[in-house]
Amino acid sequence: MAALEVRGLRKQFGGVVALNGIDLDIDTDRVVGIVGPNGSGKTTLFNVVTGVHPATGGTVLWQGQDITNIGAHRIARKRLVRTFQQAMSFPGLTVGENVRIAWEQGRRGGGRWASPGTILDFVGLAPLGRAIAGSLPFGSLRRLGLAVALGVSPELLLLDEPGAGLNDSEAQAFAAVIAQLPPQGIGVCLIDHDMDMMADLCDRLVVLDFGTKIAEGPPAEVLADPKVREVYLGPDKKAPAS
Amino acid sequence: MPVTDNSAGKTGAATGRTRASHRLALLTADNASVPLPASVQAITAILLAVLLIALPWLGLGYRFLSIAITTLYTAIGLYGLGLQFGQAGIMSVGHAALMGVGAYASAILSVQLGLGFWTSLPFAMALSAIVGGVIGLPTLRVGGQHYIIITFCFCALFVIVLTNGGTFTGSATGLDVGSVTPLPGINFDKLSNNYYLVLAALFLALAATYLIGISRYGRTLRAIRENEQLARSVGINVDLHKLGVLMVSGLFAGLAGVLQLYYLRHISPTLFGAFPSLYLALMVMLGGARYLYGPLIGAVIVNFLPEVLNLDPVDSRIAYGICLLLVILLLPGGVGAGIKNVYCALTGGSGTQTQGGGSNGRA
């Protein structure tokens with residue numbers, strides 16, 4: 001039994017079907033990547049799983065418990081934690097206070113971090129502890145977003161485009177941090193558009209298109225799948241065989 | 001736009017600024033989340049306590065002491081407003097009505113059941129807290145200016161109910177109470193003793209505000225103020241805490257209301273209507289809701305300004321309006337922020353720490 005089991009998950013915004021019966025199993029000992037074109041329902045999947053939006057149908061099971069529509073804060077307390085595409089922080093507070101807030105929430109029932117400082121060390125923000133979060137450059141803000149999510153002591157971390165807006169070297173450094181998580185017992189499920197990074201980082205890829213899962217498997221296999229190539233490159237117009 | 005993790009560009013921009021605008025930025029920056037050294041905090045607290053305790057012995061006269069009492073009980077109510085607005089980010093322009101709930105509850109208990117100051121106080125505070133929570137229910141669906149309008153409506157409604165409450169609320173004339181039940185050896189009919197009673201309550205309010213500010217609870221409230229969605233995603237029960245802080249704010253308001261009632265010995269609906277409510281909002285913004293002494297500073301300015309400048313009520317309203325404009329334009333963090341920034345500038349430390357720590361502010 002996987003830690004996170006998504007069964008027939010549906011989400012409709014009015015007449016728009018954003019998720020059309022998604023089935024997904026995610027374990028906490030590996031990195032799972034979710035890819036798909038814009039509007040394919042990746043972020044909506046995260047939003048519905050973590051309770052930001054209510055599901056229209058289907059169920060989400062976390063460690064065997066039904067967590068469908070129980071509210072975002074309750075899901076976070078069960079150590080299923082997500083980050084946001086827009087690199088969110090508590091902008092008016094210091095970096096240290098940002099992490100401390102999450103750490104204090106995660107400490108209920110025993111967290112994995114001895115102090116907020118250990119989290120700052122882990123993501124490489126220790127020198128900026130007294131800086132105001134809103135004044136951080138974008139790369140540091142991304143790290144802070146990760147630090148805040150880690151502060152809750154997650155068992156599974158859902159990262160929504162953690163590399164968006166980063167330059168190559170920053171994205172690589174970030175990927176290195178992410179790769180350290182599964183060995184520590186923090187499962188990672190991430191959305192990103194950088195296919196090279198995803199192929200490197202992920203043990204398994206899931207491809208969404210128009211709210212349905214069209215492929216799933218090891219990255220090399222999935223990226224070679226003709227259906228996936230069609231979604232990303234458009235209908236095959238008899239591309240030159242070279 | 002992607003920005004590289006490199007502060008060189010920022011430093012260049014900072015030196016490009018003129019010295020004057022840099023000074024202005026230092027003065028106006030909001031630095032509430034940067035703590036002052038513990039020694040400075042302790043000295044400020046002791047000096048303030050000594051000044052407030054010595055006030056009745058300075059021979060400043062009956063009128064001065066009366067205004068001081070008004071200032072202090074107003075400040076107690078403001079500490080509740082400061083908590084909900086400064087920490088949790090929920091503004092209210094109907095706060096005088098919440099003080100009115102406490103005052104009227106105590107007055108009605110006195111008139112109907114003969115309960116005195118000490119016995120009615122807990123009931124009045126509890127009722128204010130409950131009403132605060134009930135008015136807070138809409139915050140679960142609306143925020144910001146929408147909620148402000150709801151608080152204003154509550155305030156108007158409260159006055160209408162009081163004016164039409166017959167003998168139960170005393171209608172437009174209001175209700176009278178006796179004096180505070182004396183404690184052994186302390187008779188509160190004496191003005192200076194009444195002052196000390198209100199001062200003791202203010203110290204309690206200050207201590208509670210300070211402790212909340214440095215506690216996990218305070219950080220939780222600030223998280224909600226700064227980013228509700230992120231607060232939820234780290235496991236904070238945002239809805240519960242919003243109602244909770246409005247109830248705590250109600251406790252402060254109830255205490256202030258009862259103190260007001262037993263100082264004036266007579267209350268009427270106009271004391272808790274739209275104008276007093278707007279004054280409370282003005283005071284908390286003037287003083288700086290996020291600063292420990294901000295609400296007190298705001299109360300002192302608004303209560304003593306007409307006295308110092310010898311203004312009549314109409315002129316003082318104009319003066320308040322000008323003060324509010326000046327604060328919004330020049331000191332968005334309130335006078336409290338200005339004082340802290342001036343102190344930080346004088347001592348050479350940087351009030352606002354931007355990236356790279358303290359060295360940036362000294363340039």
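## Basis of the model

The model is predicted, with local features requiring pLDDT of at least 70 and side-chain atom pairs counting only at pLDDT 80 or more, while totals for chains, interfaces and linings use all residues. Residues are numbered from 1 along each chain as its sequence is written, and chains are lettered from A and ligands numbered from 1 in the order in which they are written.

## Two domains in chain A

Chain A is divided into domain 1 (1-79 + 155-166 + 189-232) and domain 2 (81-153), with bounds that come from an automatic or database domain assignment. Taken over C-alpha atoms, the centres of domain 1 and domain 2 of chain A are separated by 24 Å. Their contact takes 15 residues from domain 1 of chain A and 13 residues from domain 2 of chain A, where two residues are in contact if their C-beta atoms, placed from the backbone, lie within 7 Å.

On the side of domain 1 of chain A that touches domain 2 of chain A, at least two residues each are supplied by α1 (42-49), α2 (72-77) and β7 (156-160) of chain A; helices (H or I, at least four residues) and strands (E, at least two) are DSSP runs, numbered from the N terminus. The largest share of that side, four residues, comes from β7(A).

## The strand β7(A)

β7(A) runs parallel to β6(A), to which three bridges join it, and R82(A) stands opposite L158(A) in β7(A). Five bridges also join β7(A) to the parallel strand β8 (residues 187-191) of chain A, where V188(A) stands opposite L157(A). Strands pair if DSSP finds at least two bridges between them. Together with helix α6 (residues 168-179) of chain A, β7(A) and β8(A) make a right-handed β-α-β unit, meaning that, with the strands pointing away from the viewer, the path from the first strand over the helix to the second runs clockwise.

## Contact with chain B

In the contact between the chains, 36 residues of chain A meet 26 residues of chain B. α3(A) gives the most to the side of chain A that touches chain B, with six residues.
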